[in-house]
Amino acid sequence: MTCPILELKDLNKAYDALQVTRNLSLKVLPGEIHAVIGPNGAGKTTLIGQISGATPSDSGQVLFGGTNVTGWSVAERAKAGLGRTFQITAILPEFTVLENVALGVQAHEGHSFRFFRNAARDQDLNEKAASILTEVGLADRASLRAGNLSHGEKRMLELALALAGEPKLLVLDEPMAGTGPEETARLIEILLAVKQRCPMLLVEHDMDAVFKLADRISVLVYGEIIASGAPDEIRADPKVREAYLGEEELA
Amino acid sequence: MTGSLLKNTILPLALFAALALVPAYADVFDDRFVLLFFTRILVFAIVAISLDFILGLGAMVSFGHAAYIGFGAYAVAILSEHDIWEAWISFPLAVAAGGLFALITGAISLKTRGVYFIMITLAFGQMAYFTATSLSAYGGDDGLTMWGRSELFGTGLFTGDASFYYLVFGVLAAAYLLLRTFAASRFGRVLKGAKQSEPRLEAMGIDPYRYRLAAYVIAGMIASVAGALMANQSEFVSPAYMSWHRSGELIVMVILGGLGSLHGAILGTIAYMVLEEVLSGYSEHWRLVFGPLLILVVLYGRGGLMGLIPGQIGRQSRGEADQ
């Protein structure tokens, strides 16, 4: 049996009386895209926070690559290979697109207590960054200020920043949010290519994208996973239909 | 690219070239005042670029930066009280004292953000200030007069007007080049990145705290060197060196020049001190003019004096606007 790259065991999180995550267990296996869907307010953002380390869990465990990382900080988890994208774009707007990704590459190469060599002229950093930009289709934007990119391009850069860390797992927080149909199609294509080397946990509202990408889907409602299985099973599950999926979306 | 060449290469070169000629000017026109005045300006410019390093690049608004001037100045003056005049003893000690204070206070202050960081650095600055006022063995409130200047292997480097000017000029140039190199390095990139999006850096696996602390200590050490020079320049030290007014003035100098370029801070220091000197010569109510002038520069010249020079400084100001 393969060891899951990410395993959540009985996670709980409450904000005062509001239980946002309820005995939540979930696995992401190597080579798969595991999608988490659920209506607004289901606790998806909190769950991502608990996985990335930004939100401490009340109880339960987060195992990453078999290691218990429950008490680790965001930076420690990221260093261990947990890459993520943000629902609300978090890029470095004053840097050029290339500098953004080069910083990601630099972070992956170890500590940055290097004071004397000019980072902008570091060929190694720039070449690695450039190849990631090519992968996400932003190569011709490399020297542009990141803050001046279009929204769709910023979403691509967001993904490029996560890829720069050569992650062992990608946690994607609504990567399609606000992108047009063409960009969504391109993003799906890119994610399918990335899947060859990196498993993903995908939180997404765009059902078309989810059914195209996911190997497994878990449905989150009020902090609880009410169903988990292959896309076809989820489509057919009456509980899921009732709780979340509109009939017309399944037609 | 031409704009950035003008701003980041030609301008600092011209600035340093002009500053290098000040002793020659003073010699030709027999103007000792200008030489002494510019020595003082350059000492402050060293402090200002060290503040710009943390404030402009790292968005750490330290309201206690004048404390490091005090650490440097008192190290030199107190040693001179004990008849130790050698700069190779007093200067490293000044740097070590300032660095240690920065390490301890920075480790605590950098746990906070925004207004709290401003307040806590102010509090530590005041703590240093009141400690100095209570040093009764070393003058307390009244300060401490030095009966001479530091020595360096009997060279008299500190004593001649022109040689001391060149010494200060050399320290400023070295500090500028060092900080500029740091700013362009991987370390500098982390510092600038942390200012733009902390969650993103953490998601990359970088904990900005350690980098900020390192920058804070570097800035404190450089400001301490300036303090040690200042004690020599005025042959007198007092707690007023570390007052919060002084810290505030330093912030104004850096903002006036334009954040983040380092040579902008030098320009800001020159503009601030020359303006202060000229205006106070006209009237004792010079602050009535000086205050509004500063407000005008900050309001209309976003990016400070550097922002008035054509080029790509808009990179920063526009970046914030379209967030």
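Here is a chat about how a few descriptions of this predicted two-chain model are reached.

User: What makes chain A as compact as a globular protein of its length?

Analyst: You set one value against another. The radius of gyration of chain A is 18 Å, and the globule rule gives 18 Å for 251 residues, so chain A is as compact as a globular protein of that length. For a picture of the chain, its C-alpha atoms fill a box of roughly 60 × 40 × 40 Å along the principal axes. Chain A holds 10 helices and 10 strands, and 47% of its 251 residues count as buried.

User: Why is helix 3 of chain B called roughly perpendicular to helix 11 of chain B?

Analyst: Look at the angle. Helix 3 (residues 32-55) and helix 11 (residues 244-257) of chain B pack at about 75°, with their axes 9 Å apart. Angles of 65 to 115 degrees count as roughly perpendicular, and that makes helix 3 of chain B roughly perpendicular to helix 11 of chain B.

User: Which residues make that contact, and what classes do they belong to?

Analyst: From helix 3 of chain B come B:V47, B:A48, B:L51, B:D52 and B:L55, while helix 11 of chain B brings B:L250, B:M253 and B:V254. Sorted by class, that contact has seven nonpolar residues, no polar ones and one charged.

User: What makes helix 8 of chain B largely enclosed?

Analyst: Count its buried residues. A residue is buried if 20 or more other C-beta atoms lie within 10 Å of its own. In helix 8 (residues 186-196) of chain B, 10 of the 11 residues are buried, so this helix is largely enclosed by the rest of the structure. Among the buried ones are B:F187, B:V190, B:L191 and B:A194, and also B:R186 and B:K192.

User: What do those buried residues pack against?

Analyst: In chain B, they pack against helix 7 (161-184), helix 9 (198-204) and helix 10 (208-234), together with helix 3 of chain A.

User: What does helix 3 of chain A supply to the side of chain A that touches chain B?

Analyst: The largest share, five residues, comes from helix 3 of chain A. Helix 2 (74-79) and helix 3 (97-108) of chain A each supply at least two residues. The whole contact takes 31 residues from chain A and 26 from chain B, and the chain A side divides into 16 nonpolar, nine polar and six charged residues.

User: Now the open sheet in chain A: why do strand 6 and strand 10 of chain A stand at the edges?

Analyst: Start with the order. This open sheet has six strands, arranged 6-7-8-3-9-10, with mixed pairing. Strand 6 (82-85) and strand 10 (224-229) of chain A each have a single partner strand, so one side of each is left without a neighbour in the sheet. On average, neighbouring strands here are turned by 20° against each other, direction ignored.

User: How do you know that strand 6 and strand 7 of chain A pair?

Analyst: Two strands pair if there are at least two bridges between them. Strand 6 and strand 7 (residues 169-173) of chain A have four bridges, in the parallel sense. For instance, A:R84 has A:V171 in strand 7 of chain A as its bridge partner.

User: Which strands of chain A does strand 1 run antiparallel to?

Analyst: Strand 1 (residues 6-15) of chain A is joined by seven bridges to strand 2 (residues 18-28) of chain A, and the two run antiparallel. One bridge partner of this kind is A:T21 for A:K13. Between these strands the hairpin has two residues, and A:D16 takes a positive phi near 50°. Strand 1 of chain A also runs antiparallel to strand 4 (residues 59-64) of chain A, with five bridges; there A:L6 is partnered by A:F64.

Notes
Residues are numbered from 1 along each chain as its sequence is written. Chains are lettered from A and ligands numbered from 1 in the order in which they are written. This is a predicted model: local features need pLDDT of at least 70, side-chain atom pairs count only at pLDDT 80 or more; totals for chains, interfaces and linings use all residues. Axes are lines fitted to C-alpha atoms, for helices over the stretch in contact, and angles run from 0 to 180 degrees between N-to-C directions. Angles under 35 degrees count as roughly parallel, over 145 as roughly antiparallel, 65 to 115 as roughly perpendicular and the rest as oblique. Two residues are in contact if their C-beta atoms, placed from the backbone, lie within 7 Å. Ala, Val, Leu, Ile, Met, Phe, Trp, Tyr, Cys and Pro count as nonpolar, Asp, Glu, Lys and Arg as charged, and the others, Gly among them, as polar. The radius of gyration is taken over C-alpha atoms; the globule rule is 2.2 Å times the number of residues to the power 0.38. A residue is buried if 20 or more other C-beta atoms lie within 10 Å of its own, exposed if 12 or fewer, and partly exposed in between; C-beta atoms are placed from the backbone.
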